[in-house]
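Please look at the sequence and the structure together before reading on. The paragraphs below discuss aromatic rings, charges placed over rings, and a sheet.

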Amino acid sequence: MSRDYYAVLGLTRSVDDAGIKKAYRTLALKFHPQKNVGAEGEAKFKELAESYEVLSNAKWRALYDRFGEEGLKAGVPTLDESGFSGAYTFHGDAEKVFRDFFGGDNPFTELFDLGTTGDLRGLPEFSGLFGRGRPKKAESRVDELACTLEEVYRGATKILKITRQVLNEDQCTTSARQKLLTVHVKPGWKEGTEVRFVKEGDQGPNIIPGDVILVIRDRPHKRFHRKGLDIFYTAKISLAQALTGSLIEVETLDNRYLKVQLTDIVVPGYTKRVNGEGMPDPDNSGCHGDLVISFDIEFPKKLTPQQKNAIQQILKT
């Protein structure tokens with residue numbers, strides 16, 4: 001009598017791949033010889049393995065659905081040179097099917113190595129995905145979190161929407177879901193600072209969700225850039241200001257107007273350092289870096305003969 005692989009797994013012919021996996025997972029753990037000692041349990045375990053191997057393979061399942069067990073194992077006529085499709089033969093190693101399904105490790109081995117009595121029913125290791133004692137953790141996912149210099153200077157709360165794979169109710173398949181992650185950016189956080197959200201990454205069958213790591217990155221700023229705790233700014237001044245001194249204003253990241261007096265002659269490469277007006281130090285409360293001002297000197301586009309002569313006379317002294 002032809003065997004009904006679907007009935008062995010308690011399934012109907014309309015079942016999808018996830019349903020086949022779920023049925024095998026449940027029944028293989030239930031009828032494993034280490035839980036069901038005796039010839040009857042071993043025969044059932046082998047029958048489950050063969051049924052799963054056929055139905056989980058698209059080619060073998062298609063042949064079985066059309067020609068039954070006899071056609072599957074005897075081969076059926078084809079149009080190629082051989083005249084017949086390759087016949088299926090179960091290799092007889094139900095433990096191999098079991099190990100392959102559970103990721104290469106026998107989940108019972110770890111428990112027996114720890115000295116269990118053999119009664120595995122009700123143990124928490126077998127209440128979750130596929131029943132393995134030690135599921136693997138997925139790799140961490142790394143994303144960038146772009147922040148303005150104003151946000152880093154003052155501190156800010158940022159919300160990032162991510163899409164991750166979440167395990168479905170069948171415990172076999174996954175689907176994409178969105179999640180909001182909230183980051184409290186501390187004043188002065190350096191570029192490259194990492195924020196870790198434990199187990200908020202992708203899930204999967206017999207996989208512990210990985211972490212999500214957000215790396216702080218600076219958004220380009222129209223006036224400033226930073227290195228460490230120092231903030232750098234370029235001021236445009238006239239040649240007259242460079243030679244005679246001037247009072248310039250710098251709008252800071254917290255919307256103050258900082259007045260900076262220039263008393264030295266500003267030459268190419270000259271910088272003015274204003275202490276304590278840089279980024280706050282996240283590791284030392286109340287401490288700040290410096291504001292470093294460089295200068296873009298605007299030269300006049302033309303001079304009258306009288307002006308040139310006057311400048312020459314002045315610079316001779």
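Rings of Phe, Tyr and Trp (its six-membered ring) are said to pair if their centres lie within 6.5 Å; planes under 30 degrees apart count as stacked, planes over 60 as edge-to-face, and the rest as tilted. One aromatic cluster is formed by Tyr 5, Tyr 6 and Tyr 64. The model is a predicted one, in which local features need pLDDT of at least 70 and side-chain atom pairs count only at pLDDT 80 or more, while totals for chains, interfaces and linings use all residues. Residues are numbered from 1 along each chain as its sequence is written, and side-chain values use heavy atoms, with hydrogens and water left out.

A pair of aromatic rings is described by the distance of the centres and the angle of the planes. Nine aromatic pairs are found in a search of the whole structure. In one of them, the ring centres of Tyr 24 and Phe 101 are 5.1 Å apart and the planes stand at 80 degrees, so this pair is edge-to-face. Tyr 24 belongs to helix α2 (residues 17-31) and Phe 101 to helix α5 (residues 94-101), so the pair ties together parts that are 77 residues apart in sequence. Here helices (H or I, at least four residues) and strands (E, at least two) are DSSP runs, numbered from the N terminus.

Phe 101 also forms an edge-to-face aromatic pair with Tyr 52, with 5.4 Å from centre to centre and 85 degrees between the planes. Because Tyr 52 lies in helix α3 (residues 39-55) and Phe 101 in helix α5, this pair ties together parts that are 49 residues apart in sequence. Are these residues buried or exposed? Buried means under 20% relative accessible area, exposed means over 50%, and partly exposed lies in between (1.4 Å probe, protein chains only). Both Tyr 24 and Phe 101 are buried, and Tyr 52 counts as buried because its relative accessibility is 11%.

A charge sits over a ring if NZ of Lys or CZ of Arg is within 6 Å of the ring centre and within 35 degrees of the ring normal. Lys 59 lies over the face of Trp 60, at 4.9 Å from the ring centre. Lys 227 lies over the face of Phe 232, at 5.6 Å from the ring centre.

Finally, four strands form an open sheet with mixed pairing, in the order β8-β9-β13-β12. Two strands pair if DSSP finds at least two bridges between them. The edge strands, β8 (224-227) and β12 (271-274), each pair on one side only. Strand β8 pairs with β9 (residues 230-238) in the antiparallel sense over four bridges, and Phe 224 has Tyr 233 in β9 as its bridge partner.
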